[in-house]
Every structure is written in C-alpha cells, then in structure tokens.
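Please look through the sequence and the structure shown below.

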Amino acid sequence: MKKISRRSFLMAAGAAAAAAALAGCGGSSSSQAAASGEASNSYTMFMRSTYVDWLKELKWYDVAEERTGIHVEYISGPEDANDVYSEVDQRVISGDLPDAAMTRLAQTNVYGPQGVFADLAPYIAQYAPNLQAYMDANPDYKNLVTSADGGIYGLVKENPIFADLIGYRVDHFQKAGIDPATVVTINDFTNALRTLKDYYGKDNVNYYPLCGRESCIRFAAWFGCPSSISAEASHGIYQGHYKDGSVDIKSDGAYTMIETMKLWYDEGLINPEWVAGTFAEADWEASMLNGNSSVFFDYYNRAEWFMENGGPDNDPDYQMGVLDYLKDENGVTMKNLTSTKYLDECVTAVNAKCSEEKIKTILTFIDYFYTEEGIELANYGVEGESFEVAEDGSKQFIVDYQTEEATPVGEKRWSFLSDRFTVCKPVDNEAFYKWNAPLISEAATRLFIDENLNPSYTIKFTDEESRELSNLIASVFDSQMSGLCQFINGSRTFDRDEWNAYIAEMDALGLSRIEEIQLEAYKATYGG
C-alpha cells in the first residue's frame, strides 16, 4: 500500500488556513444552501471519484439507504487522492464545501478549530449512540479522532488488518523438487532460492528467483528489525513507512538482513535491477508472468492477481501459492508488519455551516453502520441473498467472489472489500478474509492471526511536527534506502566500520530527530 506524502498538503494548507481565517465562516450563498440542505433525509458529500464509482456498484450500500431512509448525494472529486485533498483546500478557501467531505485527519485538525468543520463530539453523544459506544470501547480510535482542543472534526475509516504474503510459483517448486513445507527459516528460504536458480537459471540468464517492485528493502520483519513505535521508544522512520520501506537500521537484525541480501545478490538469487531501484511494478509483473522469477513478498492478494492476469495463459502449469511465514531458529514466527487499523487519509468531515438537523442526518446514517444490523450488512450483505448462517452459527457467503468482482464496471454487485473507502464503519476481519478468491482466503485465514502479526499505528502530529517531519523524511528516507542498496550491490564496502559510519551519517541527516518527533507524537496520540 502506498502512503501519500503530506508535503503537498502542508504547502497548500498554510495558504488555505490563512484564507479561511480571513474569510471566517462566510461563503457563497450557493454553498450555504448546499450546506444547509433542503431535505432532512439527504446530504451531499465530496469524495474521490474512484470511491464514488465503487459506491454506486454496491448492493449492500443501496440496502443501507433503503433501511435508513437517508440518501447521500456524492460529489465526485479528482481521481488522484492528492488532488482530492488539494481540492478540499481550495473549497475551504472559496467557501464551497458540501455538507460533508473526504479529507485527511491533518486537514480536519487544522480547519476544524478555525470553524470550517463541525465539532461532532456533542452531536455523536446525542445522535449516534452506537458510534459513541464504539469509541468508548476503542480508546485508540477516540484518541486519534479527538483534536488537541477536545473536538472531533473528522471520523476516520477503519481498515482490515492484513500483511504482505510470500507468493510463490507452486509449479516451479514442484519441478525443482522443493517441498514448500520445508521452507521454515531464512536459511531454508535462501536454500530454496538456490535450488530454483540451479534449476531455472542454468539455461536462462534472465532468471532470478526473488523479485519485487519499488524498494527491495521490504524484508525487515523477517530479521526482527522493522521500524517501530511505542510509548517507550521510536526506532527508525515509522511515519509513512510503518510497513513498506520499514527498517530500523540501528537494530542488529538490520545488519544481518543486509548481509543476507548481499549474499542473495552475489549469488544471483535476487533481481539486480530491483536492488538498483530500476525495476518498476510492470517489470515485476512481467517477470513473474513469464517465468523469470518464482517468489515475491508483497500485497496480500497479489498471488491471485497473477492467476487472474495471464499466468495460466502463459504456462498451462502456472499455479501460485502462499508460503507460511518464516520462523526464527527457535521456531517462533517472525511477526509481520500489518496495515494500520485506522486510515488518517480517509476521513469524513462535516461542514460547520450545516444545521443541527443536517448533522443529525449525517451521523444517523453513519451510526447505522455501527449497529449489529449495519455491521452484518456491510460485511456480509443480506441473509439468503449473499450469505447464509451455518449450523455452527458462522456466516458463509453464498455468492462467488470471482463472479461478483468480475461484474462489468457500473453494474451492481455484492462486494465486501473493506480495504476500500466507502463509509466510516467497523470491519469484520474474518469476513474480509473470507471475501477473497479461495487462494487468498485460505492464506489469509491461515496466516493473519495475532501471533504472526505486528500491529501498526496511525499517529497524529501537530502542524509544526508535520512540517518538520515531512522535510526530514524527504531527505533521510531516500538516503537511507540508497545506502542499504549500495551495501547489497557492493558499491559500498560492507563491514561493521562502514555500517556504523552509515548510521552516523543518517543521524546527521536527521534520523535521530525523526525518531524524537515520532515518539512525542505517539505519546500525545495514545498517552504514556
């Protein structure tokens, strides 16, 4: 999952905030009319166009509007998420906000105290009892959405908990004589790469068993050295890289990781273009599809993607699988980094110009999704139509994932991909895992269990912290990744002295300051 930089927002927000302060709560008469709304059972919401298109296709969403009697008139924003947030800034300046808008949490915390977005806290207590109960039961969520002045200016999307998976060519393993059950430790994994290289690389100079996209520094969890955060300490660049690109270079495991990756590189087990940073996503996909690679560690549903996007067409034996997570030498599974439970870039904010009746309508609709009925609807659909209850009481889908998700664009479908932004609502992780192709559903159910996962946290920052952190990460992160890759490909000597010098260089650039800011912000967000 790609994290979006705050830099463009922070630059625009400064100008927007100043303009908003000058403009006060004024605005055009048309915007005031839109904000107040004429029908108490409807409201308008500005949202990313892609998300609006998805909503229009969801059968369960239509049922929710029928059951609540509330209709949401969506205003399609730009397709690119960054442009969406920029347009929110512009709408704030022009006073042309609809009743509700998709924003970033950072925007709501800037504009809310200025009177642009409504403080929802008192209205939630009065009109959204189920949402209130959810917040009371989930203090992390309540802390996250509560601004420094005690107001709640935006509601954050809950996200399913998932992690990257180790996808592999089942047919390649079989033909090379590798039993996937024997791939337990890092050493086992390395030996499997060697066996694949010997078998498929002897007649193919373009074959490298391990490949991927974007940064090749994605194995930190396997070596116990991901960036981390707690009330006691901050290690590594966590903000924006709690998962992808995560690494704590000051951990002993980081040295071991680079040592191992250098071995992979020297033996031709990892694609050198990937290490060089010149292997784009399309290159990775082509390599996996045409048989020039066999293994990757990437987004949870990517193994199925290759099955649905040409793998079997290229090779009738083509079959993807998902390995178990690797274990340390003591047989303990190395905890893998997860998605964050709450996404601070998918936030619903309400125009402060809305009447109390309009705010009540908005919260009543959202509150429905925090009722037992609403949770069941958004995660499973309608009993007898999309799911049934088994004898043991469990819910089982009776509609087929692949059939429903292959429905032509624009047509209604049952879809329960909770990693997409639709409305703010709780997520049933079990349902999300079930609602996938059999290959991914089995792997997710098998592997996404507490003992295998290292949870990630969304952190709030002040304006000043965001600005400083954004500038520091912009310079430190790329230098950090580049330095690690230089050690791997041999363009920089790899030994303890050089490693220590490299860490000192990163601290001088600002790594230690980044860790300080992250720690203070975590404490402010979650206490401690």
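## A residue in strand E8

Phe297 is found in strand E8, where helices (H or I, at least four residues) and strands (E, at least two) are DSSP runs numbered from the N terminus. This is a predicted model, in which local features need pLDDT of at least 70 and side-chain atom pairs count only at pLDDT 80 or more, while totals for chains, interfaces and linings use all residues. Residues are numbered from 1 along each chain as its sequence is written, and side-chain values use heavy atoms, with hydrogens and water left out.

Phe297 counts as buried because its relative accessibility is 6%; buried means under 20% relative accessible area, exposed over 50%, and partly exposed in between, with a 1.4 Å probe and protein chains only. Phe297 and Leu210 are 87 residues apart in sequence, and their C-alpha atoms lie 8.7 Å apart in space.

The structure holds 33 salt bridges, a salt bridge being a side-chain nitrogen of Lys or Arg within 4 Å of a carboxyl oxygen of Asp or Glu. One of them joins Arg218 and Asp298, whose side chains meet at 3.6 Å, N to O. This pair links distant parts of the chain, 80 residues apart, with Arg218 in the loop between helix H11 (186-200) and strand E6 (228-229) and Asp298 in strand E8 (residues 295-298). Both Arg218 and Asp298 are buried.

Arg302 and Glu285 also meet through their side chains in a salt bridge, at 3.1 Å from N to O. Here too the pair links distant parts of the chain, since Arg302 lies in helix H15 (residues 302-308) and Glu285 in helix H14 (residues 281-289), 17 residues apart. Arg302 is buried because its relative accessible area is 8%, and Glu285 is buried because its relative accessible area is 15%. A further salt bridge is formed by Asp171 with Arg169, the closest N and O atoms being 2.6 Å apart, and Asp171 and Arg169 are both buried.

Which residues are linked in a network of salt bridges? The network takes in Asp164, Arg213, Glu214, Arg218, Lys243, Asp244, Glu281, Glu285, Asp298 and Arg302. Glu214, one of its members, lies in the loop between H11 and E6. Although Glu214 is not a glycine, it has a positive phi of about 55 degrees. Glu214 is partly exposed because its relative accessible area is 38%.

The loop between H11 and E6 is also where Ala221 is found. Ala221 counts as buried because its relative accessibility is 7%. Ala221 and Val247 are separated by 26 residues in sequence and by 8.2 Å in space, taken from C-alpha to C-alpha.

## A negative surface patch

Asp53, Glu79, Asp80 and Asp83 form a negative surface patch. Patches are made of residues with over 30% relative accessible area and no salt bridge, with like charges joined within 9 Å and nonpolar side chains (Val, Leu, Ile, Met, Phe, Trp, Tyr) within 5 Å. Accessible areas come from the Shrake-Rupley method with a 1.4 Å probe, and for residues only the protein chains shown count as cover. Lys and Arg count as positive and Asp and Glu as negative, whereas His and the chain ends are not counted; the place of a charge is taken as NZ of Lys, CZ of Arg, CG of Asp or CD of Glu.

Glu79 counts as exposed because its relative accessibility is 58%.

Glu520 lies in helix H24 (residues 511-526), and Glu520 counts as partly exposed because its relative accessibility is 45%. The C-alpha atoms of Glu520 and Ser479 are separated by 24 Å, and the two residues are 41 residues apart along the chain.

Taken as a whole, the protein has a secondary structure of 24 helices and 14 strands, and buried residues make up 56% of its 528 residues. The C-alpha trace spans about 70 × 60 × 35 Å along its principal axes. The radius of gyration of the protein is 24 Å, which agrees with the value near 24 Å that a compact globule of 528 residues would have; this radius is taken over C-alpha atoms, and the globule rule is 2.2 Å times the number of residues to the power 0.38.
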